[in-house]
Amino acid sequence: MIEQLQNVYALHTDRTTYCFAVTAQGFLQHLHYGRRIDLSAGAAPLLPQEHHAPGNAAVMEGAFLETLLQETSSPGLGDLRESQVAVRMADGDTLTDFRFEHADILQEKPALSGLPSAYDESGRAETLRVSLLEKKGRLRLTLFYTVFEDCDVISRRAELTNLMDQSVTVLRLMSNQVDFDRQDLVMTSFNGAWAREFEPTHTPCGAGVVVSESRCGVSSNRANPFVMLHAPCATEEHGDCYGFHLIYSGDHRACACGNAYGALRFLHGIQPDGFSWLLEGGETFAAPEAAMTWGDGFAAMSRGLHRFVREHIVRGEWKRRERPVLVNSWESLYFRFNHHALVKLAGQGKHLGAELFVLDDGWFGKRDSDTCSLGDWTTVHKKKLPRGLAGLARDINALGMLFGLWVEPEMVSEDSDLFRAHPEWILGRRDQAVGRNQYVLDMGRREAQEHLIEALSRVFAAANISYVKWDMNRIITDDYSAALPPERQGESRHRYVLGLYHVLDELTKRFPHILFEACASGGNRTDLGMLSYMPQVWLSDNTDALCRCRIQYHASFGYPQSVMGAHVSGSPNHQTLRRTPVSGRFHVAAMGLLGYECDLRELSHDEKLQVASQIEFYKQHRAALQFGDLHRLQGGEGGIWQMSCVSKDREEAVTLLFQQENRPNAGAVRLRARGLERECAYRISVLPVKVALKDFGGLVNMISPVHIRQDSLMQTIAEKVIAPKSESEDMTATGDLLMTCGAYVKQSFSGTGWDAETRVMGDSGSRLYILKKQ
Ligand code: GLA
């Protein structure tokens, strides 16, 4: 709900309030963002009663902009902080003084053309549109605030219109600005690298500047655009927690800059360094949309954001549809496959219960390695696929499976027909540093966009394709565009992103039935921009259970599990060489959108049985695992991780318990719970796993009548005959008890005793517990 109380505008969601006032001078003074407040008896106490300028400060018509909490800002006028807006006039002047013009409350969300944005199907989202006129009448700044009450999210964006005949240069237009009257907040950003995405970095804010940003052309694994500002001692349950998203897939910057008066300005938007945009007379430049929420504790913050992503970002036919269990060819076959091998792998997948077969890289041009053919999408690799994609899709469909395909359209290999025909279509000079032997197509070029739309439309229509994995495997380092004049070179990176969105918009409209998954060397482009076109992302190339557990756990602060592709891959793992039993790999992958990327043909008979029952289990609980509420229960304290998916009707929960290392006598472990119905009873069981006899090493000789040597035939035979079962669990308790105290699970093996009810998990060991309402 948006209300106007004289000169105060208040935006209320179910649990939050955001409000600001228009000052006598026409500045927008920020008053509050956080827990919902009742303003019915006035807002006066929210206004600082400061009438004398601090010594050594600049005064603007009685206002001290260096200290004033503001809704927007531009350089000068006494404000020394980084600003939301910066414009250079044709004569070099950068002073722009924006004052309130008018505001209106719209019962809808105005469209944002050319950029993805949040949407609202319920028709309940209201928007506050505020326009500010530059004092000399040269520019108009329009701020949009949309309120998504059901998920406690407010989205913000800004537009700048040039009201003159002559052009101006936009040096920055950040999407969001929130001024806090406190500096005791911590910024948590999610940083990393390839195969090490979403590592949280906690930086205390203060009078200086804290920055999290991407400069590699994509939203990036170096620094995800999602960041949080929170009270230093905030926990899952309590404390001020602000979550900030940017609906954008290119370079971005989130910064919290403090001033000398205890205030902190949060800015979020396109990375301004190197950016500029020539705005001709009469034109408008629109910044991408940003979204923010407040929660009392991280759990409440994430709950709002998860709902926002599920309801207001992800769209199309697959929005609410359960996602198929897939088999992906990459880590089992890499570039070495043929029609027969693919059908065999798919057949094995079908036999074990998988529903979708995805042919990854290597199917086009003469692509036998990553050195060639990117760009030649309409030429199938005839040697590998003599019956073409259509023939392969037919055979996969005949097995009763859907067929999916990998593409990497924004890239071009030097050794490709596309590059030979259009060497000028690359971004950057030819002698640039290349990543994975490839160049980036200049997506800002209209001809490149149209070419891709037509080429990919031909590919997607040539066979019965139900799923597409859209990859992007190098970062953008060189951004010179041969298509742009010198004064517009600062636009090339943003034009790239706009071009990409145009292509995605067109293709997703032409092929609405296709389930798209965004991938960029794994999680190099996990953001709400991509999720506006593609309902899911391949979160990381790292499928090692331990690493993945951490990655998924941390990603869940900003993203729901319904967007996280998660696969069971081979062991030893291809990224870490760590060995993890197939059960553990499944337990972690089950907390996301399940797929298999290991060579199913090479699994032992026993492993195949395990995989078949995993898939059966996943399908039984799929609604909860994919679309239920995800709760973080333990984040690595004592080396233990716990996450739980609770079904919407709270009838059941599936909880992952993952232990990094087996620490003897580390104390009893409690299974934790959240999101259950307090007064109802839940019965706890554990998904049985196979315990390998050989994991006990020489200890088996303490009970074996004959001596069993390690790695001997005898051990193999004993392994087959004596198959120790894992421990069982059978407890019933109220949701209240479980959420308040948790439930002790069976004792972990600690070297001094074993019986059939000992929990043997080892390093990177795990269990899935099922809580069923009685
Ligand atoms: C990237 C992706 C992988 C795989 C390869 C294929 O690395 O992240 O999943 O698709 O490309 O080349």
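This is a predicted model: local features need pLDDT of at least 70, side-chain atom pairs count only at pLDDT 80 or more; totals for chains, interfaces and linings use all residues.
Residues are numbered from 1 along each chain as its sequence is written, and side-chain values use heavy atoms, with hydrogens and water left out.

Glu 289 and Lys 109 form a salt bridge (a side-chain nitrogen of Lys or Arg within 4 Å of a carboxyl oxygen of Asp or Glu). Their closest N and O atoms are 2.9 Å apart. The two residues are 180 residues apart in the chain. Lys 109 is buried too, at 19%.

Next, select Asp 179 and Arg 81. They form a salt bridge, with the closest N and O atoms 3.6 Å apart. Asp 179 is buried at 1%, and Arg 81 is buried at 8%.

Then show Glu 82, Arg 172, Glu 213, Arg 215, Arg 253 and Asp 273. Salt bridges that share partners join these residues into one network. The whole structure holds 69 salt bridges.

Move to the ligand. Select Asp 360: an N or O atom of its side chain is 2.6 Å from a ligand oxygen. For Lys 469, that distance is 2.7 Å. For Asn 473, it is 3.0 Å. Taken alone, the ligand exposes 310 Å², and the protein buries 96% of that (Shrake-Rupley method, 1.4 Å probe).

Methods:
A polar contact is a pair of N or O atoms within 3.5 Å; within protein, one must be able to donate a hydrogen and the other to accept it, and residues adjacent in sequence count only if both atoms are side-chain atoms. Buried means under 20% relative accessible area, exposed over 50%, partly exposed in between (1.4 Å probe, protein chains only). Helices (H or I, at least four residues) and strands (E, at least two) are DSSP runs, numbered from the N terminus.
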